[in-house]
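Hello,

Here is the structure I promised to pass on. Please have a look at it first, and then read my notes below.

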Amino acid sequence: MNAPVVLQVAATPASPALVLRPWRMEDVAALVEVSQDPALRQWGSSVVDDDADGARWVQAQQQGWAAGDRFGFAVLEAQPGSVRDQLVGNVVLKEVTAGKPAAEVGYWTAAHARGRGVAPRALEALTGWAFDTFEADGLERLELLHQVDNLASCRVAQKSRYEFDSVLPAAPPTFPRDGHLHIRRTDA
């Protein structure tokens with residue numbers, strides 16, 4: 001991925017337009033701010049406490065793009081009359097390997113943006129881009145994993161046409177509780 005990828009999600013009558021683009025160092029302050037949310041800390045796999053943590057996290061996202069195996073997008077909401085869009089979430093395509101039939105998707109939504117359809121809309125854009133970009137390399141399905149008690153993530157998966165597949169046993173420390181595996185295939 002040499003050229004920057006920017007995905008656009010049109011506004012709906014109830015929701016502003018979204019812009020999905022690779023993370024930038026200028027996003028660190030907003031990332032640190034939204035990362036203070038207790039729910040995000042409960043379900044997230046990494047903790048961002050300060051600007052140094054935020055810079056490391058953004059650099060890791062940038063390294064994934066450079067390696068071509070992890071594609072993290074900042075999800076921004078258009079702010080009419082403002083020069084800056086507001087950070088409302090993150091979506092990621094990970095474990096992408098040519099010839100491998102599956103990759104994984106993930107997401108989170110900032111507390112101030114929950115309940116407004118941000119995650120399903122951003123996930124749908126990411127899903128379409130992933131299949132358009134990597135199907136020729138053998139990508140056939142996308143896997144979405146969440147802890148079994150994360151009901152909001154389960155609703156996002158269902159809204160985004162990721163079918164429930166199975167319950168996965170806990171695998172501490174990275175996956176401390178049982179989880180759900182949802183799958184979306186190219187023909188869904």
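**What I found**

E95 sits in the loop between β4 (86–94) and β5 (102–109). Before I go on, a word on where this comes from: the model is predicted, local features need pLDDT of at least 70, side-chain atom pairs count only at pLDDT 80 or more, and totals for chains, interfaces and linings use all residues. Residues are numbered from 1 along each chain as its sequence is written, and side-chain values use heavy atoms, with hydrogens and water left out. Helices (H or I, at least four residues) and strands (E, at least two) are DSSP runs, numbered from the N terminus.

Most residues other than glycine have a negative phi. E95 is not a glycine, yet its phi is positive, at about 60°. Its relative accessibility is 42%, so E95 counts as partly exposed. On that scale, buried means under 20% relative accessible area, exposed over 50%, and partly exposed in between (1.4 Å probe, protein chains only).

R161 also has a positive phi, about 65°, although it is not a glycine. You will find R161 in the loop between α5 (151–159) and β7 (163–168). R161 counts as partly exposed because its relative accessibility is 39%.

Now for the aromatic rings. The structure holds nine aromatic pairs. Rings of Phe, Tyr and Trp (its six-membered ring) pair if their centres lie within 6.5 Å; planes under 30 degrees apart count as stacked, over 60 as edge-to-face, and the rest as tilted. One of the pairs is W23 with W108: the ring centres are 6.2 Å apart and the planes are at 40°, so this pair is tilted. The pair links distant parts of the chain, 85 residues apart, with W23 in the loop between β2 (18–22) and α1 (28–34) and W108 in strand β5. Both W23 and W108 are buried.

W65 and F71 form an edge-to-face pair, with 4.9 Å from centre to centre and 80° between the planes. W65 has a relative accessible area of 10%, so W65 is buried; F71, at 1%, is buried too. Ring pairs join W65 and F71 with F73, W129 and F134 into a cluster.

Finally, a helix. α4 (residues 118–134) has 17 residues and reaches 24 Å from its first C-alpha to its last, close to the 24 Å expected. That expected span is 1.5 Å times one less than the number of residues. α4 is mostly covered, with 13 of its 17 residues buried.

Best wishes
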